[in-house]
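Here's a quick tour for anyone opening this structure for the first time. Have a look at it below, then read on.

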Amino acid sequence: MKWVWPKLAILAILCSPVPSWGGSSLAASVRNCTWCHGTGAQGYTVAPRLAGQRSLYIEAQLRGYAAHIRDNPLSKQYMWGAAANLNADTVRDLADYFASLPPKTALDGHRALVERGQAIYLQGIPEANIAACLACHGPAGQGIREIPRLGGLSYFYVKRRLEEWGQGYHSAPMSPMPLVASTLGPDEIEALASYLSFVR
Ligand code: HEC
Ligand code: HEC
């Protein structure tokens, strides 16, 4: 009878729409997220893409929502509740799962601003104290550890986040982003958000 259990386990993996590491409870949790974050977690209306996002970043943000540290209006409205009752194992499993999905590129920014956005992303604007985003987010916007992937995120989402930091909202303890964003004017924000929406 020894072989029966491994076979059942394999069957369970094959039949499950998401990996079974967290058991069926993970599949249920994923559905609680994708009805807002869209099919394949590629983002839908105001809910951003989670597919391909860095696992440690997703975990950190979920903890931040649960602790009400990320405090902009849409976070309060949608994510404080969604993150309220997740235990540490579920948070890690969800983060690993969404990070493993292949991300699609939003392609929804202004093409004419891509060149300017790329220049700011790569070099910053030293005379205006604007930091080069590449220094932390990597040359291809891929992120590292808890620093998020930016490449291919929706123009509307990135624009709003950069504006909200400038308005004094928070997202993570010790985050450099409120300071970084406070140096950006509306034109730089438009250009950066446009560029990033086309990065693969
Ligand atoms: C009712 C809709 C809704 C549900 C359900 C929901 N989300 Fe969200 N989520 C949002 C919105 C809207 C935002 C954007 C908030 C903001 O702008 O700060 C967001 C943001 C996030 C972010 C931040 C992403 C980033 O790039 O910073 C993460 C991580 C996240 N959600 C994970 C989840 C997970 C995991 C679940 C399921 C347990 C979930 N969400 C369920 C609507 C939802
Ligand atoms: C000193 C390091 C550093 C620099 C420079 C930096 N960032 Fe960030 N960025 C971070 C960290 C850390 C986070 C995650 C913490 C947070 O969300 O507050 C983040 C988060 C973000 C997010 C949120 C992504 C999401 O999924 O919600 C955006 C957008 C962003 N940065 C854009 C930029 C842009 C544009 C620049 C250049 C003008 C830039 N960053 C420069 C460190 C940096």
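Start with helix α8 (residues 155-166) and helix α10 (residues 186-198), whose axes come within 8 Å and cross at roughly 145 degrees. This is a predicted model, where local features need pLDDT of at least 70 and side-chain atom pairs count only at pLDDT 80 or more, while totals for chains, interfaces and linings use all residues. Residues are numbered from 1 along each chain as its sequence is written, ligands are numbered from 1 in the order in which they are written, and side-chain values use heavy atoms, with hydrogens and water left out.

**The helix pair**

- Helices here are DSSP runs (H or I, at least four residues), numbered from the N terminus; axes are lines fitted to C-alpha atoms over the stretch in contact, with angles from 0 to 180 degrees between N-to-C directions.
- On the α8 side, Y155, V158, K159, L162 and E163 meet I189, E190, A193, S194, L196 and S197 of α10, contact meaning heavy atoms within 4.5 Å.
- Those contact residues split into 6 nonpolar, 2 polar and 3 charged (Ala, Val, Leu, Ile, Met, Phe, Trp, Tyr, Cys and Pro count as nonpolar, Asp, Glu, Lys and Arg as charged, the others, Gly among them, as polar).

**The iron of ligand 1**

- H37 (NE2) and M79 (SD) are the protein donors of this iron atom, 2.0 to 2.2 Å from it; donors are N, O and S atoms within 2.8 Å of the metal (3.2 Å for Na, K and Ca), and water is not among the atoms, so sites may look incomplete.
- The arrangement is octahedral because the 6 donor atoms subtend angles of 85 to 179 degrees (six donors count as octahedral if opposite ones are over 155 degrees apart and all others between 65 and 115).
- H37 sits in helix α2 (residues 24-37) and M79 in helix α4 (residues 73-82), 42 residues apart.
- H37 is buried, at 9% relative accessible area, and M79 is buried at 16% (buried means under 20%, exposed over 50%, partly exposed in between, with a 1.4 Å probe and protein chains only).

**The iron of ligand 2**

- Here the protein donors are H137 (NE2) and M177 (SD), 2.1 to 2.3 Å from the iron atom.
- Its 6 donor atoms subtend angles of 87 to 178 degrees, so this site is octahedral.
- H137 belongs to helix α7 (residues 134-137) and M177 to helix α9 (residues 177-182), 40 residues apart.
- H137 is buried at 10%, and M177 is buried at 18%.

**P73**

- P73 lies in helix α4 and is partly exposed, at 42% relative accessibility.
- Leaving aside neighbours within four places in sequence, P73 contacts E164 and Y169.

Definitions and conventions. Helices (H or I, at least four residues) and strands (E, at least two) are DSSP runs, numbered from the N terminus. Four donors count as tetrahedral if all angles lie between 85 and 135 degrees; four count as square planar and six as octahedral if opposite donors are over 155 degrees apart and all others between 65 and 115; anything else is irregular.
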